Amino acid sequence: MKKLAFSGVQPTGNLHLGNYLGAINNFLNLQKQMECIFCVVDLHAITIFQDPESLKKNSLETTASFLASGLDSEKNIIFKQSSVSGHSELAWILSCVSRIGWLNRMTQFKDKAGKDKEKASVGLYIYPNLMAADILLYKATHVPVGSDQKQHLELSRDIAQKFNKDFNSKNFFPLPEPLILKNISRVMSLRDGNKKMSKSDESDYSRINLKDSKDEIFKKIKKAKTDTKPIPASKKELINRPEANNLINIYAEMTDKKFENVLDEMSGKEFSFFKKELSEVIIDKICPIGKKVKDLMGDKTYLESILKKGKEKANIIAEENLKKVREIIGFV
Ligand code: TRP
């Protein structure tokens, strides 16, 4: 079977280093290995209320970040989820295949809905069914996800399997394989090494944004929390030093070096020294991307034309597969 990867990124706007290292940077390698579909998942975003103007802007900004980072819109499909109506149609069908018991086990819903689950949107509850629809609509074989999405991907496999079985359509939907990205949850806040880097953190000093200037990056790394000890020689010695661990990890990711090799190189050095090196590697990689994002955001017509082209390509595959689904179910 032909390999095809599908992944979705929510249009949250203001992408940061965690998003870059966790998702986009991995997509750059993946696009060399197989055909890829990269989707700006705005239908998923509205499971929590979004201001319409911000949603529009953030969807364009996520697209701009994809392009600025080097995702190839000729070779791959880059598009917006809401522009291909097949996602919603298949999500409904799959909601009738998926079981309440399965959804009740989803830990992300429990986290996101918080204490008052009765007040969460129904969309947030069936979010994983929509994610299954995204993947199965294209019969994707591989899905790069962070460890936080692994459970949703397993659900997608269960749904695909049940669909194939219920409708006597062996192998109709391929069971998508997870490509678990190594570091999606490993980029932590610069202020608290036990918290994920997040755009919703009150303090802008907790994260490096793709659009930060050199000075901002320099200042944020300088102020990043560490401890008084120098860089150790082994990973073991970092167990109770989450902030130190995080900065070294970011350095390793940014330079494409093994964590252990960075320790070999840096052990014994003070953080004041290490932080200068770290700022430089971040600035070298992130600032050109940030600048490109800003430039692209000045040319909305161009971004919209990329999304339109992506929509057309995606829709052809989606319609072909949906036609079969409708036949299998007995709609036509
Ligand atoms: N739920 C994913 C996230 O928040 C985004 C997503 C939506 C996705 N549809 C997808 C990821 C399909 C992989 C495949 O990260």
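The legends below describe close-up views of a predicted model. Local features in this predicted model need pLDDT of at least 70, side-chain atom pairs count only at pLDDT 80 or more, and totals for chains, interfaces and linings use all residues. Residues are numbered from 1 along each chain as its sequence is written, and side-chain values use heavy atoms, with hydrogens and water left out.

**View 1. The chain is assigned two domains.** Domain 1 comprises 4-186 + 300-329, and domain 2 comprises 204-295; such bounds come from an automatic or database domain assignment. The centres of domain 1 and domain 2, taken over C-alpha atoms, are 31 Å apart.

**View 2. Domain 1 and domain 2 are in contact.** The contact involves 14 residues of domain 1 and 16 residues of domain 2, where contact means heavy atoms within 4.5 Å. About 1,400 Å² is buried between domain 1 and domain 2, with carbon and sulfur atoms giving 59% of this area. Buried area is the accessible area (1.4 Å probe) that two parts lose on being put together, summed over both.

**View 3. Salt bridges and polar contacts link domain 1 and domain 2.** Between the two domains there are 2 salt bridges, each defined as a side-chain nitrogen of Lys or Arg within 4 Å of a carboxyl oxygen of Asp or Glu. Lys211 forms a salt bridge with Glu61, and their closest N and O atoms are 3.2 Å apart.

**View 4. Tyr127, Asp134 and Gln149 are among the residues that come nearest to the ligand.** The ligand has 13 residues around it, and His44 and Met131 also belong to the nearest group; a residue counts as near if one of its heavy atoms lies within 4 Å. A polar side-chain atom of Tyr127 is 2.7 Å from a ligand nitrogen atom. For Asp134, a side-chain N or O atom lies 2.7 Å from a nitrogen atom of the ligand. In Gln149, a polar side-chain atom is 3.0 Å from a ligand nitrogen atom.

Definitions and conventions. Polar contact = N/O pair within 3.5 Å; in protein donor to acceptor, adjacent residues only side chain to side chain.
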